[in-house]
Amino acid sequence: MSSKKNKVTRLYDTSEKKRTASRRRLGELLIETGLLNKAKLQEALRAQKNSDKRLGQLLIEMGLITEEEMAFALAMQLKIPFVDLRDLPIQDDLMELLPESVCRRFMCVPIDKHNNTLHVSMADPLDLNMIKELQFITGFSIQPAISTPSQIMERLQKYWHPETSLTEVVDEFSTDELLEFLPEEKESEEEERYRLEELQDSPFVKMVDLIIRNAIKRGASDVHIEAHENFVRVRNRIDGVLQDTIRLPKWTQPIIISRIKVLSGMNIAERRLPQDGRIRVRSKNYSVDLRVSTLPTFFGEKAVIRILNKQEAFLSLDQLGFKEENLALLRSCIRQPQGMILITGPTGSGKTSTLYACMSEIRSDEVNIITVEDPVEYELTGVSQVQVNEKVGLTFPYVLRAILRQDPNVIMIGEIRDIETAEIALQAGLTGHLVMSTLHTIDAPTAVTRLLDLGMPAFLIASSVLGVVAQRLVRVICNECKEEYDPKPEVLARLSLNHKDLPFKFYRGKGCPRCNYTGYRGRTAIEEVMVMGHKLRELVQQGASADTLREAALATGMTTLGMSGLRKIRLGITTIDEVLRAVHQKEELTTVCSKCGKAVSLDFSDCPFCKYPLVPNCGECGRIVQPEWIVCPYCRNDLNGIGKGGVRDRDAV
């Protein structure tokens, strides 16, 4: 035992001599390698006499040498490895050998392990007390290596706290200009001068500026600033999915929320009630509107900022991602002189973008388009837009009655929420106006039953509604990291497919820096377009159910949301997981192909294995017909038993 102790003591004594020697020869080594000249070395040595800092640390602080150069020089002097941690793979089980607090205190990180020796990269390999403690904590012999302090801290941050730090965001936007927040009322010159001084001096103003700028640059639609027990979490909604971006100390929460309230014109003293506000932001490269909402929660107020980017808002109908046949049907509807067109879907399904695309398609000097919205999200040139203000009595019904006296050709209603709005809208569609609006329903046929539930007469719905578009947004696979793969059997089973006999190739995104390692970049729409033909109008007047309306619409050629989603999967645009997440799946229904005998999901219009049509068509007019029909109701052609062979009535996903 004593011999072992003496051996260890001699080892540390030798290291101590090496440490002393290295202090004497460090300057000479830096001069030999050309990293420093004699004049600068003498300047640093003179400064060291009045300081208790080491020569290397002093040289870095004086800007005479960089961290990397100093670490490399020490590695040469001590004959230990210099390790670049930026791209070095380190296993998770190695990182767990040393607690985070120990790594931060000693500025070190474990990088490798062989037998009973643990290789540790550290900022100061001359600290013998640190090496002793690391041996005691881990039970391994410690083999030191050297890395820069900044690389060590960055590696610890990425492993123990993978969310983005505020420092990284600051570095990313350090060269950009500050945003200019425009208040609703014009400021005096004195107030504007004071505000500019505040922008330059306050770190919390810059923090809010960075949060908003980061979200705009990454293409986020919303920013969530959430108060938790011990921290504040900032998340961005990108392509419909929330992603963590920054985690801030808890004490910054009330200051950040107060800053946001000041910008959006809220009452900063009121923290017990929800509030709403609006901010206009202008920069050299873009101009956006921000809708702000605050909500009191258990750990403090939460703020959500909706980003309305005008540059990315306006899409044409061709850019929505609709199928050509459905796009032709929609264009036909919006060219009608009168009637109602409904866009349905849940919140965040792109209904407003579709409405604006429709208005952009038909606006001209010959058409008077008036909108009533709550609030006006985007400014559209050539369109008269009215914003609802319920505080002063400017409600949807009140504005609609006034609009009807303004000689409109097209009326766009942001959302049909109540019976009064629905009645005026349907009447307007019946009396010579084209009305476009939105409803919250799961698919196109249930839009009719929703209007019936609001108390609208069936004859009024049948006479006014031209068509219903139901849509969802699904994320698009990133082209930079797109790869082929085989989905899990349980996922394929939901589509009635066998993983051993796949009808087409499936793709997904592996994850890359361009898509922020999500595998997706951008979104596209999946849709179903139900045109109110003669048969559907009859069924509506008879009070038919949504399922009956769906069957009739399918018989006339409507493709469901599920069919549209499967088409995007087959084309390699999106993934199965995205479609199953976006589409409301009512029940798992399958059929058996009468030609190849394989089970197929009812969302396929043709068998994916043998391409045989699952729902038969009329040989004369090509329309979809039902199996029990004897004569085609469209062209009166004799069907001669077409469709018999096990094909059941279709249903939507």
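This briefing describes the overall make-up of one protein chain and then its sheets, strands and helices. The model is a predicted one. The protein chain has 653 residues, and 46% of them count as buried. Its secondary structure comprises 24 helices and 21 strands.

**The chain as a whole**

- Among contacts in the protein chain with a separation of 6 or more, 61% are between residues 24 or more positions apart.
- The protein chain has an accessible surface of about 33,600 Å². Carbon and sulfur atoms make up 49% of that surface.

- An open sheet is built from seven strands in the order 13-12-14-15-11-16-19, and its pairing is mixed.
- Strand 13 (384-387) and strand 19 (520-531) have a single partner strand each, so they stand at the edges with one side left without a neighbour in the sheet.
- On average, neighbouring strands of this sheet are turned by 20° against each other, direction ignored.

**Strand 15 and its partners**

- Strand 14 (residues 410-413) is joined to strand 15 (residues 434-439) by four bridges, and the two pair in the parallel sense. Methionine 412 has methionine 436 in strand 15 as its bridge partner.
- Strand 11 (residues 339-344) also pairs with strand 15 in the parallel sense, over six bridges. Here leucine 342 has serine 437 in strand 15 as its bridge partner.
- Is strand 15 mostly covered or mostly uncovered? Strand 15 is mostly covered, with six of its six residues buried.
- In a regular strand, side chains alternate between the two faces of the sheet. In strand 15, Leu434, Met436 and Thr438 point one way, while Val435, Ser437 and Leu439 point the other way. The residues on both sides are all buried.

- Strand 2 (residues 117-122) pairs with strand 3 in the parallel sense, over six bridges. Valine 120 has proline 144 in strand 3 as its bridge partner.

**Strands 8, 9 and 10**

- Strand 8 (residues 275-282) pairs with strand 9 (residues 287-297) in the antiparallel sense, over eight bridges. Valine 281 has valine 288 in strand 9 as its bridge partner.
- Strand 9 and strand 10 (residues 300-309) run antiparallel and are joined by 10 bridges. Threonine 294 has alanine 303 in strand 10 as its bridge partner.
- Two residues lie between strand 9 and strand 10, which form a hairpin.

**Helix 14 against helix 15**

- Helix 14 (residues 324-334) packs against helix 15 (residues 351-362) at an angle of about 60°, and their axes are 10 Å apart. The crossing of the two helices is right-handed.
- Which residues meet where these helices pack? Leu330, Arg331 and Ile334 of helix 14 meet Cys358, Glu361 and Ile362 of helix 15.
- Sorted by class, the contact of helix 14 with helix 15 has four nonpolar residues, two charged residues and no polar ones.

**Helix 23**

- Helix 23 (residues 561-570) is mostly covered, since eight of its 10 residues are buried.
- The buried residues of helix 23 are Leu561, Gly562, Met563, Ser564, Gly565, Leu566, Lys568 and Ile569.
- What covers the buried residues of helix 23? The cover includes strand 16 (465-477), strand 18 (506-509) and strand 19, together with helix 22 (546-555) and helix 24 (576-582).
- Glycine 572 follows helix 23 and has a positive phi, near 75°.

Definitions and conventions
Residues are numbered from 1 along each chain as its sequence is written. This is a predicted model: local features need pLDDT of at least 70, side-chain atom pairs count only at pLDDT 80 or more; totals for chains, interfaces and linings use all residues. Side-chain values use heavy atoms; hydrogens and water are left out. Buried means under 20% relative accessible area, exposed over 50%, partly exposed in between (1.4 Å probe, protein chains only). Contact means heavy atoms within 4.5 Å. Accessible areas come from the Shrake-Rupley method with a 1.4 Å probe; for residues, only the protein chains shown count as cover. Two strands pair if DSSP finds at least two bridges between them. Axes are lines fitted to C-alpha atoms, for helices over the stretch in contact, and angles run from 0 to 180 degrees between N-to-C directions. A crossing is left-handed if the near helix is turned anticlockwise from the far one by less than a right angle, and right-handed if clockwise. Ala, Val, Leu, Ile, Met, Phe, Trp, Tyr, Cys and Pro count as nonpolar, Asp, Glu, Lys and Arg as charged, and the others, Gly among them, as polar.
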